[in-house]
2 protein chains.
Amino acid sequence: MTTITDIAKALGITPSTVSRALAGNPRVKEETRLAVKKKAEELGYEQNVVASNLRKGQSRIVGIVVPRIHREFFSNVIGGAESVLNKAGYNVLICQTLESLDAEIKALKTLKNYRVAAVLLSHAINAKNGNHVKEILGSTPLIQFDRVFPDLPGAKIVGANCEGAYKATMHLIQSGYKRIGTLAGYMTSQAYVERLAGYRMALEASGMPFDNSIVYYNTIVRETGYEAAKKAIEAGCDALYSCGAFSALGAVDAFREKGFKGADDFGIVATSNEGFTGLMSPSLSTLNQHPFEMGEAAARAFLEGRTDTQVIPMELIIRQSSNKNNKWLK
Amino acid sequence: MTTITDIAKALGITPSTVSRALAGNPRVKEETRLAVKKKAEELGYEQNVVASNLRKGQSRIVGIVVPRIHREFFSNVIGGAESVLNKAGYNVLICQTLESLDAEIKALKTLKNYRVAAVLLSHAINAKNGNHVKEILGSTPLIQFDRVFPDLPGAKIVGANCEGAYKATMHLIQSGYKRIGTLAGYMTSQAYVERLAGYRMALEASGMPFDNSIVYYNTIVRETGYEAAKKAIEAGCDALYSCGAFSALGAVDAFREKGFKGADDFGIVATSNEGFTGLMSPSLSTLNQHPFEMGEAAARAFLEGRTDTQVIPMELIIRQSSNKNNKWLK
DNA sequence: TAAAAAAATCCAAACGTTTGCACAATTCTC
DNA sequence: GAGAATTGTGCAAACGTTTGGATTTTTTTA
């Protein structure tokens, strides 16, 4: 591999001048700069970024830590972040924690050892606070997304959970549904608490009672969604706002079983616009969390040195499952 | 940040001994090794991997280049590769090409400049050959997966396209379907050519004619799948093997339109076990390409220094769309 | 107990780049 | 045309680690 020393020797100058020439330092003569560029091209020179990083004490690598790479939400966040960072000349080093706090700690240490320019982080589910992060990262910029700890410094990118849930519930109300339950998540998670709050606000803003007996807690997978939906039907509900996407899938199973034929019979809006929601039958009305944009925002927050909290709006996508003019099954 | 020199000074020894002690070199006394370890712990020492990599001329980073990070298939490959590599002490630097050859070239150069230990690569769709790779990567180990160029050196991990298509078609034949068409892909892609070959082999092995008039080429998205399926129905088909998953979705649209009620009316098996295939109604029988395992295999091929081609079997998953004993819609 | 062998440590260079400061060459000013 | 200002280049150290070979210390052997 050719080095700047090789170029320097070939040109009878010193490595320092070559370095400056390649870096576009104005202190080197136009003439020599061109000669250096030409020779570099000629010898197929490529900078050894490892050496450069060592000398400069910093790298053009941004670390991204996520619970799981192959999760629709996270892979989209990564995709968004990568595209922004790549344009700015950064590369991404990716670590997955598989929801383990130990793995998160290890990942952060590794990234620190690589002297990454910043860390984009969404916490493992069993991280209870951000103390470990502060200690390990020191002065390395931190941008948290989705699963954040408010006490940690630095930018945070979160979804508009409350507002989204409000919008979804309001849509159901305005569509004429009279008794709207909710498939709520775990109250240990900030995101789900906010969604429940949004649901409640929409009801109360419309003069409808908030009835805790049709709030089905801890309902985030298909099976529990199915069971909860059956109960909701028995309880006289004609619509559901689901805090997740997979639980809504279970609800649809229940509707099928009951012979419901369309949104006239029962309406549902789910959170998280997973790919399948638009492909299944009935297609599911959802709240799009814009994971790709979340990744872009996280990357930009780093590039622009922001330290505030950004809230990414959730977009309501109305599909068959809440569209009263549309039969589910032909 | 504390360095090995700090540790050396604190202990009254030299950095070289500290380095060797931490590396577990047998030339250092047990006693000093323990002292070093203790002091390192005490001072919160973390190795500067950048300096280490520079000196050693290689890094513990593996580059992964994919067309798109947020594609179910690729994000799973990455997930699989990361989990294996991480256990072996490697980290992954990820680049997406967004199907652009220029971006692929740039990514490879970047990875080379980082002196990565290896590159795992799935080519951009408009890369016509592997010449650029050879030139840039030089001696850096290359492992290609999914989209590979046979002329490039190094390990290759591919799906068992022919065998999978054979299995899927054979399953339809054995289920009693009499006239089986296929939603074929682009014949410019090796994978689709092989799938068509497997389909043909199954027919011929069963004494059924291969009829090119019910081979629907270039059918890989929902819309074209829908159109092709309508034609297939008119042509008297009672089943389809689809080379993609999204085209099968279009076929299901067509079945719905025709009022088909179950696999007794029409059978279909799709390639690629995308998440939605198991969630839609009817659930789709598919060939699971095992992307996660493909990523694991690619990572292991590097770790074990393999240079052969591995074929990852495709698993037939039988669901409602080809199960004659099961009505699609209740 | 002296010499030889083995074990532990040290020295110094190297990896390839960047950068403050010194020096040389050029241009400008009066 | 002498000195000052400007411009371009060189020198050498530094980033933190690793490693071959030299050196010192300890242990073994006769």
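Trainee: Which ring does the charged end of A:Arg200 sit over?

Mentor: The ring is that of A:Phe210, and the charged end of A:Arg200 lies 4.0 Å from its centre. This is a predicted model. In chain B, B:Arg200 lies over the face of B:Phe210, with 4.1 Å to the ring centre.

Trainee: How is a pair of aromatic rings described?

Mentor: Two quantities describe it: the distance of the centres and the angle of the planes. Over all chains, the count here is 14 aromatic pairs. One of them joins A:Tyr199 and A:Phe210; the planes stand at 70 degrees with the centres 6.1 Å apart, so this pair is edge-to-face.

Trainee: Where in chain A do A:Tyr199 and A:Phe210 lie?

Mentor: A:Tyr199 belongs to helix H9 (residues 190-205), whereas A:Phe210 is in the loop between H9 and strand E7 (215-216). The two are eleven residues apart.

Trainee: Is A:Tyr199 buried or exposed?

Mentor: A:Tyr199 has a relative accessible area of 0%, so it is buried.

Trainee: What kind of pair do A:Phe246 and A:Phe276 form?

Mentor: A tilted one, with 50 degrees between the planes and 5.1 Å from centre to centre. A:Phe246 is in helix H11 (residues 246-258) of chain A and A:Phe276 is in the loop between strand E9 (267-271) and strand E10 (285-288), so the pair ties together parts 30 residues apart in sequence. A:Phe246 is partly exposed at 39% relative accessible area, while A:Phe276, at 6%, counts as buried. Ring pairs also link A:Phe255, A:Phe260 and A:Phe266 into a cluster.

Trainee: Turning to the DNA, how many residues surround DNA strand D, and which are the closest?

Mentor: There are 26, and the closest are A:Arg20, A:Arg27, B:Arg27, B:Tyr45 and B:Arg55. By type, the residues of this surface divide into eight charged, eleven polar and seven nonpolar. Helices H2 (15-23) and H4 (49-56) of chain A, and H2 (15-23) and H4 (49-56) of chain B, each supply at least two residues. The largest share, four residues, comes from H4(B).

Trainee: Which parts of DNA strand D do the atoms within 4 Å of the protein belong to?

Mentor: Sugar or phosphate accounts for 57% of those atoms, and bases for the rest. On the base side, a polar side-chain atom of A:Arg27 is 2.4 Å from a base oxygen of DNA strand D. On the phosphate side, an N or O atom in the side chain of B:Ser19 is 2.5 Å from a phosphate oxygen. For B:Gln47, the distance from a side-chain N or O atom to a phosphate oxygen is 3.0 Å.

Methods. Residues are numbered from 1 along each chain as its sequence is written. Chains are lettered from A and ligands numbered from 1 in the order in which they are written. This is a predicted model: local features need pLDDT of at least 70, side-chain atom pairs count only at pLDDT 80 or more; totals for chains, interfaces and linings use all residues. Side-chain values use heavy atoms; hydrogens and water are left out. Rings of Phe, Tyr and Trp (its six-membered ring) pair if their centres lie within 6.5 Å; planes under 30 degrees apart count as stacked, over 60 as edge-to-face and the rest as tilted. Buried means under 20% relative accessible area, exposed over 50%, partly exposed in between (1.4 Å probe, protein chains only). A charge sits over a ring if NZ of Lys or CZ of Arg is within 6 Å of the ring centre and within 35 degrees of the ring normal. A residue is near a molecule or strand if one of its heavy atoms lies within 4 Å of it. A polar contact is a pair of N or O atoms within 3.5 Å; within protein, one must be able to donate a hydrogen and the other to accept it, and residues adjacent in sequence count only if both atoms are side-chain atoms. Ala, Val, Leu, Ile, Met, Phe, Trp, Tyr, Cys and Pro count as nonpolar, Asp, Glu, Lys and Arg as charged, and the others, Gly among them, as polar.
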